[in-house]
Amino acid sequence: MTLFRNFNRFFNKFLRQPGYALSVGFKRLRAFFYYYFGKGKSSYPEAVTLFLTHKCNLRCKMCGQWGESGVTKKQSIQFIKEELSLQQLQSIIDDVSTFKPNITLFGGEPLIYPHCIDLIKYIKQKKMHCLIITNGFLLEELAQDIVESGLDELNVSLDGNAALHNEIRGMSGLFEKIMQGLKRINILKAERKSRTPFINLQCTITKYNYRYLEQLLDVANEARANSLTFHNLIFITPEILNRQKEFDKVLSCSSSDWQGFAFEPEIDVEILHQKMKDILKTKHNFSIDFYPNFSYAELKDYYGNPYYHPRQYSGRCLSPWIVAYVFPDGHVRPCLNSTYSFGNVKEANFMKIWNSQEAIRFRKILKENKIFPACVRCTELYRY
């Protein structure tokens with residue numbers, strides 16, 4: 001079961017943030033109930049991800065937005081520049097504050113958004129849990145603002161040691177800049193006697209770094225991280241994209257953003273599995289996990305089978321009952337890589353959008369099919 005597979009992740013979260021973890025557990029159980037009995041409706045979401053901007057200051061090789069096969073860099077300037085105003089984002093926070101979901105700030109690079117710090121402060125004023133996913137470029141300049149904002153979790157993407165990370169991210173000196181930023185944040189936390197923000201390092205496993213994953217252990221120690229998570233690569237095949245188009249016709253939407261993940265993984269599973277075993281044997285002051293949490297057989301299937309379908313995990317997507325994604329154009333979507341919209345926050349408040357007719361229709365079709373073709377390697381499929 002997915003719940004059992006993710007027990008260690010939940011347990012480590014509980015140890016660091018017990019109140020938050022219990023709240024998440026309760027909301028998740030409620031979402032399960034609605035999945036089976038809600039007829040397309042859902043309880044209010046456990047999490048809302050605010051996609052603050054499409055812009056990014058890096059061109060990371062593996063990125064589905066701005067990388068070698070990225071889709072965002074093919075978009076118009078107008079599309080890339082579109083962002084909700086601070087007032088519009090604050091209005092969303094006002095709407096959702098009654099049920100207090102976890103708020104994730106994402107992008108692009110969310111710290112590029114000019115009002116990011118002000119938004120974090122507003123979220124914390126409303127007493128909601130807030131985390132950000134960042135490439136770390138601006139951490140040094142914004143360290144004091146970040147710590148003083150009350151941010152709960154700082155999720156920083158790293159790929160390896162200095163040489164490897166800078167090569168993958170395409171910027172000389174980036175690793176050193178990130179580490180200086182994390183050092184500054186730790187100093188400020190100590191001065192304020194604050195436990196937050198928790199520092200979570202995120203490493204995406206790719207063909208560029210899978211042979212050197214152990215490098216992140218020293219990096220996490222130096223960063224005084226609270227956790228280190230290795231994410232198995234998200235990728236898709238042209239055949240899956242073609243099969244997804246059949247469902248896109250039914251839903252009157254597009255999943256073309258998945259094209260940014262259409263590539264061969266080029267990962268030797270034997271080497272990767274040995275790296276995983278070696279890393280998980282080590283003991284550190286931070287938690288370590290691989291996500292999704294695959295066995296050796298599952299790992300081989302995941303990376304090597306073009307017709308892969310999850311067997312040991314649940315094989316059904318629960319995410320649209322639990323998470324909402326708000327995009328820079330105001331659309332509330334059930335998925336990062338689909339244009340299907342539940343509604344737009346510029347036209348209606350979030351509470352009405354979440355169980356709109358469009359939302360109910362999407363959930364009913366998804367539940368009937370359990371997953372869509374493009375779902376098989378999506379991160380959210382393995383979370384719940």
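Please bear in mind that the model on display is a predicted one.

Now to the helix itself. How far apart are the end C-alpha atoms of α9? Helix α9 covers residues 174-192, and its 19 residues, at 1.5 Å each, should span 27 Å; the end C-alpha atoms are 27 Å apart, so the expectation and the model agree.

Which residues of α9 are buried? Among them are Leu-174, Ile-178, Leu-182, Ile-185 and Leu-188, together with Lys-177 and Lys-189. An α-helix has 3.6 residues a turn, so residues three or four places apart point the same way. The cover over the buried residues of α9 includes the helices α7 (139-149), α8 (162-169) and α10 (215-223). The strands β4 (153-157) and β5 (198-204) also contribute to that cover.

Let us turn to the whole chain. The protein chain has 15 helices and 10 strands. A compact globule of 384 residues would have a radius of gyration near 21 Å, and the chain, with 20 Å, therefore agrees with that rule. Its C-alpha trace spans about 50 × 50 × 45 Å along the principal axes.

Of the 384 residues, 58% count as buried. Where contacts link residues at least 6 apart in sequence, 72% of them join residues at least 24 apart.

Finally, the surface and the charges. The chain exposes about 17,000 Å², with carbon and sulfur atoms supplying 53% of it. There are 51 positive and 38 negative charges, and their mean positions lie 6 Å apart.

Key:
Residues numbered from 1 in each chain as written. Predicted model: local features only at pLDDT ≥ 70, side-chain atom pairs only at ≥ 80, totals over all residues. Heavy atoms only, no water. Helix = DSSP H or I, 4+ residues; strand = E, 2+ residues; numbered from the N terminus. Rg over C-alpha atoms; globule rule 2.2 N^0.38 Å. Buried < 20%, exposed > 50% of the residue type's maximum accessible area, 1.4 Å probe, protein only. Contact = heavy atoms within 4.5 Å. Areas by Shrake-Rupley, 256 points an atom, 1.4 Å probe, with all protein chains shown as cover. Lys, Arg positive; Asp, Glu negative; His and termini not counted. Charge placed at Lys NZ, Arg CZ, Asp CG, Glu CD. Expected span 1.5 Å × (residues − 1).
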